[in-house]
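Dear colleague,

Please find the structure below, followed by a summary of what was found in it.

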Amino acid sequence: MRVLIVQLFPSQKLSFSFLKKKETNFSCFINTQVELQRCPHKKTHLFSSLSPPLCLEFGAEGSEKKREQETTQKRKREMGVVVIFDFDRTIIENDSDNWVTTQLGASYLFDLLRPSLPWNSLMDRVMTELHSQGKSIDDIANSLKKIYLDPHIVSAIKSAHSLGCDLRVVSDANEFFIETVLKHYGILSCFTDIITNPSFVDKEGKLRILPFHISNMSPHGCALCPPNMCKGKIIENIMKSVNAEERKNFIYLGDGKGDYCPSLKLTNEDYVMPRDKYPLSNLISDNPDRIKAKVYRWSNGEELERTLSELINKLLNRDQANNNLQNLSGECKLEAIPASSEEGYSVAIPVPR
Ligand SMILES: [Mg+2]
Ligand SMILES: [Zn+2]
């Protein structure tokens, strides 16, 4: 029997992910053989478990689960890392508009109308045409479910969420496409918000796609962005709302021209992750002085996962160091496992049964 004493900081899950790596059977034992106590300040958990392998439990049922959810929410607020994903060619490998259009046989119409309609209106028109050809909303959903999403990206999203990051999608696709894909891959609930062109199914069962900004009513006035959506304005609004209490760090991932404007809004405390050899990456290279954020490129899902994880860990370590300092003045002074270290900080204490 070993007892592991840890202090539950906002970024504590990182410590558990190290244990998971170290203990190969960790996930199999997560719900078994665990004793858990809390100190009165609810910041400290005392875990005891059999060894080997080491087992940890975060509370599974009833009030314990509720407390865990509260802790997660608190951790999210405290963590201060906001990760913003573009959708097309960033979360998913392809472009969802092109995918649906091709899969459902509307490429000819798409190509025909492309020169005369803005992209957003064009997609609405294509959906109307598909409906008139007898294609249902389920046909559209089924084609979306076939879109490839790299398992590394699924894993990167789940892991960032479990570490307490505030994840959002900002995309020029549309609500129906994005939600259908994210739900299909079981990651919709990882996101706090999806900011995109609104869509709805009308009385006839037709999918309608609307512009995010109604340009003739309130033009956004940004020369870099298409009339229906300025992602830069969206990022400014997110920054205003999440930075109200304290400055958060942003990590922005994207590939396209539309991701350049929001990248310019980031500060030198933020990070931009452009997909290498895609328009955003080229625009950044062509105008290196315009970007204040630190730039980390990626070319595939594996690189995205690794880079994002490294950046989050860097920010987590910084947050944890700050929290350690704050907690030195607290009354609970138990051993803590630092996120960055695998050795030397966990304590194994025999406990009589
Ligand atoms: Mg994109
Ligand atoms: Zn813009």
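**Confidence and conventions**

The average pLDDT of the protein is 77, and 67% of the residues score at least 70; pLDDT is the predictor's confidence in each residue, from 0 to 100. Residues 1-61 have a pLDDT below 50, and this stretch has 120 contacts in the model beyond near neighbours in sequence; two residues are in contact if their C-beta atoms, placed from the backbone, lie within 7 Å. For residues 331-353 the pLDDT is likewise below 50, with 42 contacts beyond near neighbours in sequence.

This is a predicted model, in which local features need pLDDT of at least 70 and side-chain atom pairs count only at pLDDT 80 or more, while totals for chains, interfaces and linings use all residues. Residues are numbered from 1 along each chain as its sequence is written, and chains are lettered from A and ligands numbered from 1 in the order in which they are written.

**The sheet**

Six strands form an open sheet with parallel pairing, in the order β6-β5-β4-β9-β10-β11. Strands (E, at least two residues) and helices (H or I, at least four) are DSSP runs, numbered from the N terminus, and two strands pair if DSSP finds at least two bridges between them. The edge strands, β6 (191-197) and β11, each pair on one side only. Strand β5 (residues 166-174) is joined to β6 by five bridges, and Leu167 stands opposite Phe191 in β6.

Strand β10 (residues 271-274) pairs with β9 (residues 249-254) over four bridges and with β11 (residues 294-295) over two. Tyr271 in β10 is the bridge partner of Ile251, and Tyr271 also stands opposite Lys294 in β11. From β10 the chain crosses through helix α11 (residues 279-286) to β11 in a right-handed β-α-β crossover; right-handed means that, with the strands pointing away from the viewer, the path from the first strand over the helix to the second runs clockwise.

**Burial and the cores**

Strand β10 is covered on both faces: Tyr271 and Met273 on one side, and Val272 and Pro274 on the other, are all buried (20 or more other C-beta atoms within 10 Å of the residue's own, C-beta atoms being placed from the backbone).

The largest nonpolar core has 56 residues, and Ile251, Tyr252 and Met273 are among those that touch the most other members. A nonpolar core is a set of buried Ala, Val, Leu, Ile, Met, Phe, Trp, Tyr and Cys residues joined through C-beta atoms within 7 Å. Apart from it lies another core of nine residues, including Cys225 and Leu283.

Yours sincerely

Key: A residue is buried if 20 or more other C-beta atoms lie within 10 Å of its own, exposed if 12 or fewer, and partly exposed in between; C-beta atoms are placed from the backbone.
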